[in-house]
Amino acid sequence: MQITENIVTFSFNGKSFQAIEGQTIAAALFANGVKKLGVSRKLQQPRGLFCSNGRCASCFVSGNGMDHVLSCMSLIENGMIIQSNESDPDIRRKIDGD
Amino acid sequence: MDKSTIVCRCEEINVDEIETVIKMGATTFDDIKRLTRCGMGPCQAKVCMNLVNRIIHDNTDKPFSDLTPANMRMPLKLTRISALASSDQTITSVTSVFDESLQEVGETNREE
Amino acid sequence: METDLLIIGGGPAGLSAAYEPARHGLKVTIVDESLRLGGQLNQQSQVLDLPSGFAKQTGMKLSQFLQDRLLNYDVDLLTKCTMIGTYKDGRIGVTDGNTTFSIRSQKTIITTGAAEDSISFPGWTLPGVMTIGAAQILLNREKVLPGKKAIVLGTNNLAFEITKQLNESGVEVIAIIEKESTVDVDADNIAYLKQANIPIYVNTSITRARGPGEVEKVLIDNNGTEVAFDVDLVCIAGGLFPILEPFQVLGCELIYLSELGGWLPKYDTNFETSIPNTYVAGNAAGITAMKAIMLTGDLVGISILDSLENYNSDYVKKRKDSLWTELAKAEQPEVWSARLSLIKEFELERKYVTSNR
């Protein structure tokens, strides 16, 4: 972690949050009380951080339009638009203008 | 152990489903994988492998030294197709990554 | 990409392994999938017991030191790069997330370390239930409190180490639970837990975790009696095991030894696996303490120099001997004797048993 702390602002499911530059997406969300990052594919059960090491594939989010981002292995960025991982990605998506 | 407990988090396979296929004759992780999809999700058995081997051990008389790890294939981690098909220069390398995977004895090569 | 020495995994073992080869003029490339090098060191706020020549320091400080001392040499550091496969001609396939490329090297060391084993129970998939290492990462590396009230499942070294760190950061650890009927706890840990008022419940297992979208309560079976605790953090300390995928795809022969964490690659006194010029060190070579992790890293680097005609000086040979002497004293006896039996068995096999590959 850097000694100098820069604050970044990002959104999760449309809601605005702040975090410290250098934190992972998962940590930034956790720090803001967001533990549920999405739901499981088959049984639609809540999912979040489990191993925090890029192995368990439980912490998927969509970040800046990219689906299935491992939030524990990616850094939070200023202005990032994050959405929870709710289901299989739709090829036609509103954010793509369809 | 509660039979409804999830073992494979990715594909959401529970203890009961795994024990059922063991009763049907599954003896290895790979057998269970092919019958239930356990280990076929995004983590590719990284989390469930030891849990499943423990269940096999508890339901059969196989020692852990006989329960070989789940067969791993490339790519070893989640990789985007765009990263694999990245540039004209590496197109032949891309085919290589999948084609030239080390083969187990008895497995046939993929035809190009 | 071409290099003399390729190291997959830039944690304590990989960073240690790089040093002597780099100092002797080899071109070294370190590949690590994480955002930063240092591996498990980056989450360790405790002061570590380290090899001779190192001042006692926290994992986080040591991580920086091990990286800094490579700066003067020809060392390429590739972070956010993941080994995803191998080529028939021995090249390693790596992706940086945007593109995929191959690395050809004379020697390859795999120091990908260990993964945490899980304990499954109804509700373990709920957010707020995580491996104890994940809680430590949030706490020490990300500067985020992983919860307010916690329960810890398991009584291994990590469980005690991290319970202490959680407690000191203001997380209320309600209890440590252990399913066996007895547990070996060293005096320091007993004293700490006593003054921190953290009980260990033996003959106890977790029945279920529940909550609306995240864990808020656990039910435990304490010797036949059901007890409920309000917690927002469940730390699973299932133990560590060597990460296997790189070895499997390289075709390395594996062996099962529970004292070393389960399945791991076979290797000889040079830490060379069954695949020529492919080596192993660190937790990947058997779960052990930090001092030994670093010593095995030093040993594999020195052994590689010893195997190269232009580098096997008297200094190298002497250093190899002193490292083995230090390693013998550094490890828990069960780990050390398991390691020796692995090496002995492998060397005898290679000498007297014809391979059928």
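User: Let me start with chains A and B. How many residues does each chain give to the contact?

Analyst: The model is predicted, so read every contact as computed from it. Chain B gives 10 residues and chain A gives eight. On the side of chain B that touches chain A, five residues are nonpolar, one is polar and four are charged.

User: What is the secondary-structure pattern of chain A?

Analyst: Along the sequence it reads β-β-α-β-β-β-β-β. That is one helix and seven strands. Of the 98 residues in chain A, 45% are buried. Take the contacts in chain A between residues at least 6 apart in sequence: 39% of them join residues at least 24 apart.

User: Now chains B and C. How many residues are in contact there?

Analyst: A general point comes first. Interface size is often given as the accessible area lost when the parts come together. Here we have residue counts: 34 residues of chain C are in contact with 31 residues of chain B. Next, ask which elements supply the side of chain C. Those that give two or more residues are strands S6 (82–86), S7 (92–95), S8 (100–110) and S19 (254–257), plus helix H6 (245–250), of chain C. S6(C) has the largest share, with five residues. By class, this side of chain C has 14 nonpolar, 16 polar and four charged residues.

User: How is chain C divided into domains?

Analyst: The domain assignment gives domain 1 as 2–115 + 240–352 and domain 2 as 118–236. Their centres, taken over C-alpha atoms, are 32 Å apart. Five residues of domain 1 of chain C are in contact with six residues of domain 2 of chain C. The side of domain 1 that touches domain 2 has no nonpolar, five polar and no charged residues.

User: How do I read a strand such as S17 of chain C? Which residues point which way?

Analyst: In a regular strand the side chains alternate between the two faces of the sheet. Now the case. In S17 (residues 233–236) of chain C, Leu233(C) and Cys235(C) point one way, Val234(C) and Ile236(C) the other way. All are buried.

User: Which strands pair with S17(C)?

Analyst: Strand S10 (residues 129–131) of chain C pairs with S17(C) in the parallel sense over three bridges. Val129(C) has Val234(C) as its bridge partner. Strand S11 (residues 149–153) of chain C also runs parallel to S17(C), joined by four bridges. There, Val152(C) is partnered by Cys235(C).

User: Which residues have the most contacts inside the largest nonpolar core?

Analyst: Val52(B), Val234(C) and Cys235(C) do, in a core of 87 residues. Not counting residues up to four places away in sequence, Val52(B) touches Val7(B), Ile18(B), Phe29(B), Ile32(B) and Cys38(B). Another core lies apart from the largest one. This other core has 66 residues, among them Leu66(C), Tyr279(C), Ala338(C) and Phe346(C).

User: Leu66(C) is in helix H2 of chain C. Which residues of H2(C) are buried?

Analyst: In H2 (residues 59–68), they are Gly59(C), Leu62(C), Ser63(C) and Leu66(C). They lie on the same side of H2(C), because they cover an arc of only 105° around the axis. Their cover includes helix H1 (12–23), strand S3 (47–48) and strand S4 (57–58) of chain C.

User: One last residue. Where is Arg73(B) found?

Analyst: Arg73(B) is in the loop between helix H3 (49–59) and helix H4 (81–84) of chain B. It has 14 other C-beta atoms within 10 Å, so Arg73(B) is partly exposed. Arg73(B) and Asp2(B) are 71 residues apart in sequence and 32 Å apart in space, C-alpha to C-alpha.

Notes:
Residues are numbered from 1 along each chain as its sequence is written. Chains are lettered from A and ligands numbered from 1 in the order in which they are written. This is a predicted model: local features need pLDDT of at least 70, side-chain atom pairs count only at pLDDT 80 or more; totals for chains, interfaces and linings use all residues. Domain bounds come from an automatic or database domain assignment. Two residues are in contact if their C-beta atoms, placed from the backbone, lie within 7 Å. Ala, Val, Leu, Ile, Met, Phe, Trp, Tyr, Cys and Pro count as nonpolar, Asp, Glu, Lys and Arg as charged, and the others, Gly among them, as polar. A nonpolar core is a set of buried Ala, Val, Leu, Ile, Met, Phe, Trp, Tyr and Cys residues joined through C-beta atoms within 7 Å. A residue is buried if 20 or more other C-beta atoms lie within 10 Å of its own, exposed if 12 or fewer, and partly exposed in between; C-beta atoms are placed from the backbone. The arc is that of the directions from the helix axis to the C-beta atoms. Two strands pair if DSSP finds at least two bridges between them.
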